[in-house]
Amino acid sequence: MAVRNHIREIRIKNGISQVKMAEDLQVTRQTINAIEKHKYNPSLELALKIIAYFNMGIDEIFILEKGEEAR
């Protein structure tokens with residue numbers, strides 16, 4: 001199973017840059033970029049921070065795709 005997300009779309013819709021989001025969440029811009037490109041799954045702590053940051057439900061941001069191998 002693979003974990004996917006809608007972070008890039010949500011971030012852009014809200015007019016937030018990767019740099020701003022990274023600063024707000026106290027991570028690097030490269031971390032945000034890797035998460036958006038599905039090259040890195042955030043830790044549980046960071047995932048919860050992202051959910052709170054956008055004030056959205058987990059299922060609105062993250063998707064567990066069944067039948068695919070995790071990368």
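The buried residues of helix α3 are I32, I35 and E36, where buried means under 20% relative accessible area (1.4 Å probe, protein chains only). They span an arc of only 95° around the axis and therefore lie on the same side of α3. This is a predicted model, in which local features need pLDDT of at least 70, side-chain atom pairs count only at pLDDT 80 or more, and totals for chains, interfaces and linings use all residues. Residues are numbered from 1 along each chain as its sequence is written, and side-chain values use heavy atoms, with hydrogens and water left out.

**Surroundings of α3**
- The buried residues of α3 pack against β1 (2-5), α1, α2 and α4, contact being heavy atoms within 4.5 Å.
- Just after α3, H38 takes a positive phi of about 60°.

**Helix α2**
- Q18, M21, A22 and L25 are buried in α2.
- They cover an arc of only 100° around the axis, which puts them on the same side of α2.
- The cover over the buried residues of α2 includes α1 (7-13), α3 (29-36) and α4.

**Packing of α2 with α4**
- Helix α2 (residues 18-25) packs with helix α4 (residues 44-54) at an angle of about 115°, and their axes are 11 Å apart.
- The two helices, α2 and α4, are therefore roughly perpendicular to each other, a term for angles of 65 to 115 degrees.
- K20, M21, D24 and L25 of α2 make the contact with L46, K49, I50, Y53 and F54 of α4.

Conventions: Axes fitted to C-alpha atoms, helices over the stretch in contact; angles between N-to-C directions. Helix = DSSP H or I, 4+ residues; strand = E, 2+ residues; numbered from the N terminus. Parallel < 35°, antiparallel > 145°, perpendicular 65-115°, else oblique. Buried < 20%, exposed > 50% of the residue type's maximum accessible area, 1.4 Å probe, protein only. Arc of directions from axis to C-beta.
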